[in-house]
Amino acid sequence: KMTQQMRDLQLAQARKPPGPSSPNAAKRLYRNLSGKFRVNYTSFDEGSLVGRGEKEKLRKSYLFQSNAALFEAVELQDLDRVQELLKQYSPEELDLNTPNSEGLLPLDIAIMTNNAPIARALLQAGAKESPHFVSLESRSLHLSTLVREAEQRVNELTAQVVNEAPNADCSEKEKQLKAWEWRFRLYKRMKAGFEHARVPDAPANVQLSVASSSSLQVTFWEPLSVNSAVVTKYKVEWSCSPTFSPPLGEAVIDKLKNLHFTIRGLVSGTAYYVRVSAYNMKGWGPPQASVPPFAIPSNWREYDGRAPRRRGQAEALDHLLGQVKTVHQHCVCHESCKNQPQSRKHSVSKSLKHLFHPGSKFLKTLKRGLYLTAIFYKDDNILVTHEDQIPVVEIDDTYSCLLMQDFLWFTKVSCMWDEILWLRQCVTVSQSSCSCILQTRFKMLLAISQMQGLLGIQDLGQVFFEPVKDKQGNILIVTLKEVKTNQTFESVRWVPICKLQTSRKSVSSPEEPTALDTLLISVQDKLAYHQRSSHALSPGLYLGYLKLCSAVDQIRVLVPEQLPNILCHVKIRSNPNISREEWEWLQKMASVEEPVPAAPEADTSQNPLFHELQVAIKELMTLVNIPLQEAKDFRLYSQEVLDFGDQVSFLLLLPPSDDVCTAPGQNNPYTPRSGFLTLPLQIFELGEKR
């Protein structure tokens with residue numbers, strides 16, 4: 001039947017005028033022929049689409065051409081073209097797993113020609129083998145049929161070309177003959193690749209680790225041997241018996257982008273044996289036992305039955321805040337706002353009064369005092385007033401109190417932007433004390449409300465970790481927020497940051513810039529800090545370095561510039577869980593006089609965590625510029641593992657007790673390399689919670 005179809009198509013092709021000849025003309029010709037087969041293969045589905053618009057027809061035609069291009073690229077072993085098509089189109093658009101007229105998929109051609117790079121690219125994109133090959137015999141028979149029919153067609157066309165006089169029809173048949181000769185060689189190469197292939201070797205480096213108190217994680221590599229065919233899937237088996245009799249379960253992995261698997265639903269405290277085997281077109285290879293051969297699901301908290309530190313804390317704080325609000329809701333100052341509709345931001349009378357209030361607009365210049373500025377940015381644009389100024393409002397023009405205490409209080413208020421009105425009412429009750437601190441904080445709340453009202457938005461973002469100061473006595477508290485949606489603001493507009501920096505005329509000298517000029521010059525650095533402070537770590541177990549330094553009014557913590565919401569750290573491994581056995585070993589190490597052992601002992605030489613910690617400690621010491629010989633005086637914090645959600649956990653490395661916090665005036669003998677900064681401890685805590 002296949003031969004008859006090709007004959008009919010050749011008759012149709014013979015009626016067309018001859019096209020230009022090229023070295024790849026034969027291959028393109030067959031590609032066109034097999035393209036016609038695929039049209040016939042899908043014609044039943046396309047027949048139901050009659051009546052759709054021409055746009056949809058053009059799209060389908062375009063996608064069909066991309067599918068044909070993928071088959072051609074695989075057959076020509078053009079890896080670059082294959083990768084380009086996989087990047088440009090989705091698997092559905094390419095019909096990646098729809099067989100062509102010969103019953104083959106792109107992955108079948110790649111593995112039977114033993115083209116491992118193309119096969120791996122297809123597998124990572126989600127390619128499958130043809131469902132027609134249910135056994136070795138069916139694959140062998142199919143390949144033999146393709147070779148036999150291709151050979152027969154070559155012989156027929158050869159006889160026609162030899163017997164016919166040179167003319168246009170003869171030239172067309174010569175092109176068809178070249179196409180079939182190339183196809184015949186491809187099928188023979190595929191058949192030979194299948195016949196010479198063997199089952200794959202066992203996977204390499206099969207590692208088993210404890211993922212939680214009810215799961216294990218197994219990771220592995222491809223078989224090291226390159227003589228067998230491309231592996232297309234893996235099988236993970238587990239059992240409570242080392243002989244795997246009876247087996248408890250198995251899982252087949254055919255998505256090969258990441259070679260790992262998590263076995264879930266296991267019983268804590270029970271030993272499980274695990275092995276992994278590989279599969280190619282010749283079948284399953286021998287299994288490879290994991291290292292270690294078994295593991296017991298557990299978690300470090302099972303060592304002493306400790307509950308998670310933060311369990312119920314958020315709910316308790318919400319309940320406490322609700323109680324505080326309940327106590328204050330009957331105050332006289334609250335009665336006037338109960339009857340005000342919450343849906344409207346300003347009443348008419350308040351809006352009229354707002355127009356005549358001296359502080360009701362954004363400031364253009366600074367006098368000596370304390371100010372609030374809000375930076376909203378989107379891509380490379382920043383929000384400015386109609387006078388091309390960053391929005392600034394005044395907090396206090398007679399500010400003389402201790403700045404750091406007020407600034408840290410302001411950072412805590414930034415966690416409650418939507419509660420500013422309530423906080424203002426609470427602070428108003430206490431104003432009779434005439435406290436300088438309370439007066440300043442009440443003015444801070446007024447400035448926040450003013451900024452929110454002028455911009456028409458409540459959330460002003462995250463507070464930058466230090467105020468901007470100048471020699472004229474101006475102090476700017478800066479908030480930063482990235483806008484990711486089309487949000488509407490009042491009294492402001494968007495301008496490119498570079499345009500704002502070049503067009504603004506400075507009113508100060510380069511030697512003594514004002515706080516606003518300093519802010520504008522450094523705005524991109526502040527935006528970069530804000531973006532980095534919201535980045536999250538990839539899942540895993542990390543080793544963190546805790547280093548503090550104290551001043552008269554604050555304690556600061558050392559952090560990396562690239563991730564300022566996390567301590568200085570290096571990654572120990574991808575598995576964040578510490579098992580009960582590993583925690584017992586760490587407790588034993590903590591009881592030894594030398595917390596970080598210089599040489600492995602008998603019971604630690606086979607402990608994977610010991611070797612992982614050794615590598616991590618060396619890397620961390622290099623990172624923070626501390627000589628490695630000093631590591632013997634450092635300690636691992638053994639009271640708990642710091643869990644940040646379910647995917648990230650930390651072990652802490654501490655300097656000697658006298659060096660954990662550097663006192664004012666005390667010299668630090670080991671200065672970290674560039675790429676670090678120190679944050680106020682309260683700012684760091686807020687950033688970590690975000």
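## Asp406 and Arg441

The side chains of Asp406 and Arg441 meet in a polar contact of 3.4 Å. This comes from a predicted model. Asp406 sits in helix H13, which covers residues 403-413. Its relative accessibility is 1%, so Asp406 counts as buried.

## The chain as a whole

The protein chain contains 21 helices and 24 strands. It has 690 residues, and 44% of them count as buried. The accessible surface is about 36,500 Å². Carbon and sulfur atoms account for 54% of that surface.

Take the contacts between residues at least 6 apart in sequence: 73% of them join residues at least 24 apart.

## Gly540, a buried strand residue

Gly540 belongs to strand S16, residues 540-545. Its relative accessible area is 0%, so Gly540 is buried. Ile572 is 32 residues away in sequence, yet the two C-alpha atoms are 7.4 Å apart.

## A four-stranded open sheet

Strands S23, S17, S18 and S24 form an open sheet, in the order S23-S17-S18-S24. The pairing is mixed. Strands S23 (661-662) and S24 (676-680) stand at the edges. Each has a single partner strand, so one side of each has no neighbour in the sheet.

Strands S17 (residues 548-550) and S18 (residues 555-560) run antiparallel and are joined by 3 bridges. Leu548 has Val557 of S18 as its bridge partner.

## Cysteines

A disulfide is a covalent bond between the sulfur atoms of two cysteines. The model has 0 disulfides, judged by a cut-off of 2.5 Å between sulfur atoms. Cys549 is in no disulfide. The nearest cysteine sulfur to Cys549 belongs to Cys661, 6.9 Å away.

Cys549 has a relative accessible area of 26%, so it is partly exposed. Cys498 has a relative accessibility of 52% and therefore counts as exposed.

Helix H4 covers residues 79-88, and its buried residues are Val82, Leu85 and Leu86. Seen down the axis of H4, these buried residues fall within an arc of 100 degrees, so they line one face of the helix. An α-helix has 3.6 residues a turn, so residues three or four places apart point the same way.

The face turned away from the buried side of H4 carries the exposed residues Asp80 and Lys87.

## Backbone exceptions

Most residues other than glycine have a negative phi, and most peptide bonds are trans. The loop between strand S3 (233-239) and strand S4 (249-253) holds Pro246. The peptide bond from Ser245 to Pro246 is cis, with omega near 5 degrees. Phe244 lies in the loop between S3 and S4 too. Phe244 is not a glycine, yet its phi is positive, about 60 degrees. Its relative accessible area is 9%, so Phe244 is buried.

Val291 and Pro292 are also joined by a cis peptide bond, with omega about -10 degrees. Pro292 is in strand S8, residues 288-295. Asp388 is found in the loop between strand S10 (381-385) and strand S11 (392-396). Its phi is positive, near 60 degrees, in a residue other than glycine. At 30% relative accessibility, Asp388 counts as partly exposed.

Note on methods
Residues are numbered from 1 along each chain as its sequence is written. This is a predicted model: local features need pLDDT of at least 70, side-chain atom pairs count only at pLDDT 80 or more; totals for chains, interfaces and linings use all residues. Side-chain values use heavy atoms; hydrogens and water are left out. Helices (H or I, at least four residues) and strands (E, at least two) are DSSP runs, numbered from the N terminus. Buried means under 20% relative accessible area, exposed over 50%, partly exposed in between (1.4 Å probe, protein chains only). A polar contact is a pair of N or O atoms within 3.5 Å; within protein, one must be able to donate a hydrogen and the other to accept it, and residues adjacent in sequence count only if both atoms are side-chain atoms. Two strands pair if DSSP finds at least two bridges between them. The arc is that of the directions from the helix axis to the C-beta atoms. Contact means heavy atoms within 4.5 Å. Accessible areas come from the Shrake-Rupley method with a 1.4 Å probe; for residues, only the protein chains shown count as cover.
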